Amino acid sequence: MMITTNTKLPSLCLGTQSLILATTTTSILSPMPRLIFPLMVKHFSRIPPADGVTVVPCQILLVIDIKTQVQYFKNVAKQLKGKLGDKGSKQLLSTAVYMFSTGNNDYFSVFSPLSNNSAFFNSFTHDQYVNLVIGNLTTAIKEIYKEGGRKFVVFSTVPLGCVPSTRVLNLQLTNTSGCFKELQELANMHNKALQQELINLEKTLQGFKYSYFDFYFAITDVIAHPSRYGVKNATTACCGSGPWRGLPSCGGKRSQLTEYELCKDAGDYLFFDHGHPTEKSNRQFATSLWNGVPKVVRPYSVKSFFEQAAVSTV
């Protein structure tokens, strides 16, 4: 999600979906781009999309695990200190906002026909596996905190069992329509544990602040009340094939699935493809995240982080 504002502060978005330097306005291009952007592009521009906190699922899905991404960040932080000095780099890193979107692939991958990770998953109880995912995420957050990070935005998982692809998976496994129950249960367990861990971090790490985005509820609410959000179809994807267009064939270039259907107006749909919201839906979610809509964002809005940072730099 790209969120813009009038403040002139950088946002270091360190998530396992993506690892990039986003900026709030183009005004950051002067005088900082010669310093910030080459450092970030050198380390991050070739990183593929990722959402893996556990190491094994990341290897199977050919994405970069969170431990490796944190090491990239540490490399950049070290170079910033060399360029800006201790005081300058501390100011930049402490006013930056670190955004994590994690967990989705860690759970989805164990049921995906594209991976063979079920043996790893089945060696744990559900509680143990969730604790593993949360533990690795917590370690990453603490590592960034040690480097000077203080403001974190953390997404819950989406309702993993209710996206088009997992509706198809549920149909294949149980011969019933609806959401895939086991994935829904894992998502709920993860999100409950994540919220508690963030509360614990706030109590134990001085100056730590977080914004929790309840992506699970945000999407579930659209599914339950599509007309409130200007959506006509909240279960079927705009692009894909099979039931609910939930097979990952959009574009015709994934594995052997070459045929796909494409809707006339993506704005009528919640999901664009087998597992990702449309641009319209993402814009609505981003607006809620930025403004801090109480139903889905707590305890701080992302906007407040940037307002605080603007005051601290005056």
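A residue is called buried here when its relative accessible area is under 20%. All views show a predicted model.

**View A. Strand β4 is largely enclosed by the rest of the structure.** Of the 5 residues of β4, 5 are buried, so the strand is largely enclosed. Lys-151, Val-153 and Phe-155 point one way from β4. Phe-152 and Val-154 point the other way. Every one of these side chains is buried, including that of Lys-151.

**View B. β4 pairs with β3 and with β5.** Strand β3 covers residues 97–101 and runs parallel to β4, with 5 bridges between them. Across this pairing, Phe-100 stands opposite Val-154 of β4. Strand β5, residues 209–213, also pairs with β4 in the parallel sense, again over 5 bridges. Here Val-153 has Ser-211 of β5 as its bridge partner. Val-153 and Val-154 point opposite ways from β4.

**View C. A disulfide joins Cys-162 to Cys-179.** The sulfur atoms are 2.0 Å apart. The torsion about the S-S bond is about 115°, so this disulfide is right-handed. The link connects distant parts of the chain, 17 residues apart. Cys-162 sits in the loop between β4 (151–155) and α7 (164–174). Cys-179 sits in the loop between α7 and α8 (181–204). Cys-162 has 7% relative accessibility and counts as buried. Cys-179, at 31%, is partly exposed.

**View D. Cys-238 and Cys-263 form a left-handed disulfide.** Their S to S distance is 2.0 Å. The angle about the S-S bond is -85°. Cys-238 lies in the loop between β6 (233–237) and β7 (239–240), and Cys-263 in the loop between β8 (261–262) and β9 (269–271), so the link ties together parts 25 residues apart in sequence. Both cysteines are buried.

**View E. Cys-239 and Cys-250 are joined by a disulfide.** Their sulfur atoms lie 2.0 Å apart. With a torsion of about 100° about the S-S bond, the disulfide is right-handed. Cys-239 belongs to strand β7 and Cys-250 to the loop between β7 and β8, so parts 11 residues apart in sequence are tied together. Cys-239 is buried at 1% relative accessible area. Cys-250 is partly exposed at 24%. The count of disulfides comes to 3. With the bonded cysteines numbered in sequence order, the pairing reads 1-2, 3-6, 4-5.

**View F. Tyr-260, Leu-262 and Phe-272 make a nonpolar surface patch.** The patch has an area of about 290 Å². Leu-262 is part of strand β8. Its relative accessibility is 54%, so Leu-262 counts as exposed.

**View G. Lys-81 and Glu-147 meet in a salt bridge.** The N to O distance between the side chains is 3.8 Å. Lys-81 lies in helix α3 (residues 66–95) and Glu-147 in the loop between α6 (126–146) and β4, so the contact ties together parts 66 residues apart in sequence. Lys-81 is partly exposed, with 36% relative accessible area. The structure holds 7 salt bridges.

**View H. Arg-298 and Asp-214 form a salt bridge.** Their side chains meet at 3.4 Å, N to O. Arg-298, at 29% relative accessibility, is partly exposed. Asp-214 is buried at 12%.

**View I. Lys-295 forms a salt bridge with Asp-221.** The closest N and O atoms are 3.6 Å apart. Lys-295 lies in the loop between α10 (279–291) and β10, and Asp-221 in helix α9, so the pair ties together parts 74 residues apart in sequence. Lys-295 is partly exposed at 46% relative accessible area. Asp-221 is buried at 9%.

**View J. Lys-74, Glu-143 and Lys-146 belong to one salt-bridge network.** The salt bridges share partners, and this joins the three residues.

Notes: Residues numbered from 1 in each chain as written. Predicted model: local features only at pLDDT ≥ 70, side-chain atom pairs only at ≥ 80, totals over all residues. Heavy atoms only, no water. Disulfide = S-S within 2.5 Å. Helix = DSSP H or I, 4+ residues; strand = E, 2+ residues; numbered from the N terminus. Buried < 20%, exposed > 50% of the residue type's maximum accessible area, 1.4 Å probe, protein only. Pairing = 2+ DSSP bridges. Patch = residues over 30% accessible without salt bridge, like charges linked within 9 Å, V, L, I, M, F, W, Y side chains within 5 Å. Areas by Shrake-Rupley, 256 points an atom, 1.4 Å probe, with all protein chains shown as cover. Salt bridge = Lys/Arg side-chain N within 4 Å of Asp/Glu carboxyl O.
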